[in-house]
Amino acid sequence: MAECGFAVGVLLSAVLHFIGDTDGGPREIVARLREATAPGSYLLISHVVADDDPSGAVTRQAAIGCSTAAAAFYPRATAEITSLFDRFALVSPGAGAAVEGHGRERARRHRPQAVTG
């Protein structure tokens, strides 16, 4: 991977939940990107969270119902996703649910419980 001599923004939006944990998985990908970016660079990760779905069954079913992708799907806990930012300085508002930026009441209203089809 080529190194960049200036600060950049790296967007991993809806990508890492399709990457398994073999060969280092998301942790290795983020580490390599971190090493290749200059100080002052930013990292954005959006990832399906399975905190309320320990087995991942509901989350995987939602992904199957909403996706035409044949790829495997790897929901992860918030703590696991947050740990990927190791050695990056989190900026406000930090890690959290995307809908939380729109207020806690809206986040509660938009929290999916289950998806059936």
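Q: Which residue does R76 meet in a salt bridge at 2.9 Å, N to O?
A: In this predicted model, a salt bridge needs a side-chain nitrogen of Lys or Arg within 4 Å of a carboxyl oxygen of Asp or Glu. The N to O distance here is 2.9 Å, and the partner of R76 is D21.

Q: How many residues apart in sequence are the parts that the pair of R76 and D21 ties together?
A: R76 belongs to the loop between α2 and α3 (78-83). D21 sits in the loop between β1 (9-13) and α1, so the pair ties together parts whose separation in sequence is 55 residues.

Q: Is R76 buried or exposed?
A: The cut-off for buried is under 20% relative accessible area. R76 has a value of 4%, so the residue is buried.

Q: Is D21 buried or exposed?
A: Exposed means over 50% relative accessible area. D21 reaches 52%, so the residue counts as exposed.

Q: What does E80 count as at 35% relative accessibility?
A: Buried ends under 20% and exposed begins over 50%, with partly exposed in between. At 35%, E80 therefore counts as partly exposed.

Q: With which side chain does the side chain of H47 make a polar contact?
A: H47 lies in the loop between β2 (42-46) and α2 (57-66). Its relative accessible area is 13%, so H47 is buried. Not counting residues up to four places away in sequence, H47 touches L16, H17, Y74, P75, R76 and I81. The polar contact, at 3.0 Å, is with the side chain of R76.

Q: Where is the place of P26, and is P26 buried or exposed?
A: P26 belongs to helix α1, residues 25-36. Its relative accessibility is 3%, so P26 counts as buried.

Q: Which residues is P26 in contact with, leaving aside its neighbours within four places in sequence?
A: Contact requires heavy atoms within 4.5 Å. L16, 10 residues from P26 along the chain, has its C-alpha atom 6.0 Å from that of P26. The contacts include D21 and R76, which also meet each other in a salt bridge.

Technical notes: Residues are numbered from 1 along each chain as its sequence is written. This is a predicted model: local features need pLDDT of at least 70, side-chain atom pairs count only at pLDDT 80 or more; totals for chains, interfaces and linings use all residues. Side-chain values use heavy atoms; hydrogens and water are left out. Helices (H or I, at least four residues) and strands (E, at least two) are DSSP runs, numbered from the N terminus. Buried means under 20% relative accessible area, exposed over 50%, partly exposed in between (1.4 Å probe, protein chains only). A polar contact is a pair of N or O atoms within 3.5 Å; within protein, one must be able to donate a hydrogen and the other to accept it, and residues adjacent in sequence count only if both atoms are side-chain atoms.
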